[in-house]
Each structure stands twice: as structure tokens, then as C-alpha cells.
Amino acid sequence: MKAILALATMTLGFGTVGLSARPAPQAEANATRQLAIVPTIAASRPKATKAEARSAYLLAYFKDETHSLYFATSPDGYSFTDVNGGEPVLAGRAVADQKGLRDPHIMRGPDGAFYLSMTDLHIYAQQEGLRTTQWERPEKEFGWGNNRNLLLMKSHDLLHWTLAKVDMASLFPAYAKAGNAWAPETIWDPAKKRMMVYFTTRIGNGPNFMVYSYANPAFTTLMTEPKKILEYPRPEVNVIDADITKVGDKYHMFYVAHEKPGSIRQAVSSRIDGGYVYDPRKVDPENVAAEAPTLWRRHGTNTYVLMYDVFGAKPNNMGFAETTDFQTFRNIGRFNDAGSRMKATNFSGPKHGAVMAITPDEADRLRGYFAR
């Protein structure tokens, strides 16, 4: 990894990126309709939807070309269509301190609200004239892709969202020298009855590791000092991109370990905030590098889909594998590959995303909003 760092071609949570090969910029996102950022949302709970009614799917993703957020919906979990015609639903330049966002994760809480978390980072900001330095802070001290903020957003309708920029290093003295806050995800902790936010960090320019903290009910800040959530057997190895799902009475964590070769791995625990048992086996079926795993269940079945960002593919793409036992993972291909049922109908190049079950009415509301 240190040798790779010296070459400035990274795999730390964002795919392999040669900084001299910046994707061509696209049109400004503010030329299209955007999600609404509002000061507050109603404190009352939205109308509940039963899990069995959530037969559709929402994919949140970003692109390197715009460093912005995109939404795509699917009626069947196989064919996804971007709701805004392949244009961003939220421009990174409008909401992030670094004028770029990455790594969106979306989930529905037990309160019926939607929770969206992202990384505040633009890896091409200098080339695009958004800052005068390569990174926010010196790379020698804080590492490649250093950033400060997590972006936390909350909504009742998927259209109107509150926005908070959370600087972990300012909140917690133990992380005053944190080099990054990458790829945040959120899960409900039923024991503590709070939303747990977990993400990748490092101290200075040290190895990356994964931590968890608890958010306040408004989802505008973190309330507890982050603690390490996975004890990897070799602490010098970068471990990133955790995704946790409760399946039965167990919590399954999928993550990336930058071993040789780097790959997606699984750890399982009986509790949400630790005790994950290390398993050295590679679970993704790819023969090139992949990262950003996320797990979702096919409606009405016991089949789970593991989705991941195949950044080793050129151009990058999302890959998919299915499992029912979490021991074997059947490769079902990448978006629009020959022979694969997984289709991206009006977009390409999605990166580091997440899929959430929604109702057909919620999908219609999103599409209607962006069709106006």
C-alpha cells in the first residue's frame, strides 16, 4: 500500500484513481431539478409502510465525473432506471465543503424516516479549480484523499432533506488528527434504540480502520466518541467500506481488506457494535479489484444480493452476487454484461452505492418529482 501511495494511484475506499486521468467533467448539476434541502423536517412520524409492501428498490450512487448524488429505481431488483435521466439529483458543489460528495448510503429507520450518509470529498478539486492544493490538508501528514466531514441527511418523503456536515475531528479530541472520514453507513441499534453510524477513518496518514458512533435523533451530529468496530488481525492493513446487515439473529459485515490481492470479505457477530469474527475468505467473484460492498434482500425471498463497485473494470461498473446461506456467492454479472439480468437502462459508470427497499408508490413519487 505504501508503494501504491507513492504512485498516487489509490484504492482507499474510492476505487483505483490515477489523478492524471481525471474523467471529463459533465454539465453542472444545477441545470436539472434537485432534491430540496430544508432547515427542518416534521418531528411527527410519516405514514408507516409495511415491509411486505416494499417490493420496489432505490439505488443511490455517485459518479467521479460530477462528484454528485444519483437515484435509480427498479420494480423488480434487476432493471434499474435513473429517476433524473442520468443527471444528478443533488450536486456535490451545492452541499459539500469540498464541493464534492462520494459513497452514498441510504436506509429506512424504524421511525419511517430515510437516512442518507455520504463522504464530503472531491478528489479532482484542484484540477477543477475548486482549491489550490491537491488535498484539503498536506498529504504527508494526513494522507491521500484526506477530508473532514461526514454528510448526514434525513427525510420523510425522499424529496425534502435536512443536511448536516459533521466534522468528527472537531467533535472528539481523540480524533483531532484524523486523516479522513469515509464511506459512512447507518443502521438501527435495537438495544440502544439509536441510529449507529459507522465509517472508515485513520489517524494522520496511518492505516485505515473502521469505527462506529451514535447519532442524535435529528441526525445532525454524532453523540459518542467513535470506537473501532472490527479488530483485523494485521493492524497495518487498510480495512475500509463496512456494510452491516442483520440476518436472522446475526450481523453480517462485508468490508474490504487491502491484502494481496485486495478483496471483499465477511465477518459475522451476534452483536451490532463488535465481536465480528475474522474470516480470511474472499467472497466477491471478481477477478479484478472491487470495493464498497452493500447487501440487500430480494423481495419475498431468502435470497440476498451482494453489490459492489468493480473499480478494477474499465470503465468501472457495479457487480452482483447472490447468496442464501452466506457461504456461497453466485456471480450474476455486472450491469449490462452479456448474459446478466442486471440492467442499468439509462445510466453508466455508477460508483459506491447502496440499495434500499421502497414501495412502488415511493418510486412513483420520486420519478414524478424529477419529471416535472
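I took a pocket to be an open set of points on a 1 Å grid over the protein atoms alone, with protein on both sides within 12 Å along at least five of seven lines; lining residues have an atom within 4 Å of a point. Volume here is the space filled by probe spheres set on the points, which are joined across faces, edges and corners.

I worked on a predicted model, in which local features need pLDDT of at least 70 and side-chain atom pairs count only at pLDDT 80 or more, while totals for chains, interfaces and linings use all residues. Residues are numbered from 1 along each chain as its sequence is written, and side-chain values use heavy atoms, with hydrogens and water left out.

I looked up the largest pocket and found about 1000 Å³ of space in it. It is lined by 37 residues, of which Arg54, Met107, Arg108, Thr245 and Met356 are the closest to its centre. Two or more lining residues come from each of strand E7 (101-108), E11, strand E15 (239-247), E18 and strand E23 (351-358).

I then followed E23. Seven of its eight residues are buried, meaning under 20% relative accessible area with a 1.4 Å probe, protein chains only. E23 runs antiparallel to strand E4 (residues 56-63), with six bridges between them; I count two strands as paired if DSSP finds at least two bridges. Met356 of E23 is the bridge partner of Leu58.

**Entry: cavity**

A cavity is a set of grid points where a 1.4 Å probe fits but cannot get out. I found one of 30 Å³ or more. The largest cavity holds about 30 Å³ of space. Its lining consists of Arg137, Asn147, Arg148, Asp167, Met168, Ala169, Ala178, Asn180 and Ala181.

**Entry: open sheet**

I traced an open sheet of four strands in the order E18-E19-E20-E21, with antiparallel pairing. Strand E18 (291-297) and strand E21 (330-334) are at the edges with a single partner strand each, so one side of each has no neighbour in the sheet. From one strand to the next the twist averages 25°, on axes fitted as lines to C-alpha atoms, with angles from 0 to 180 degrees between N-to-C directions. E18 and strand E19 (residues 304-310) are joined by five bridges. Trp296 has Val305 in E19 as its bridge partner.

**Entry: rings**

Tyr115 and Phe219 are edge-to-face, 4.9 Å centre to centre with 85° between the planes. The two are 104 residues apart: Tyr115 is in strand E8 (residues 114-120), and Phe219 is in the loop between strand E13 (209-214) and strand E14 (227-228). Tyr115 and Phe219 are both buried. The ring centres of Tyr212 and Tyr214 are 6.0 Å apart and their planes at 85°, so this pair is edge-to-face. Tyr212 and Tyr214 are buried.

I also checked for charges over rings (NZ of Lys or CZ of Arg within 6 Å of the ring centre and within 35 degrees of the ring normal). Arg33 lies over the face of Tyr369, 4.0 Å from the ring centre. Lys228 lies over the face of Phe209, at 5.1 Å.

Terms used: Rings of Phe, Tyr and Trp (its six-membered ring) pair if their centres lie within 6.5 Å; planes under 30 degrees apart count as stacked, over 60 as edge-to-face and the rest as tilted. Buried means under 20% relative accessible area, exposed over 50%, partly exposed in between (1.4 Å probe, protein chains only).
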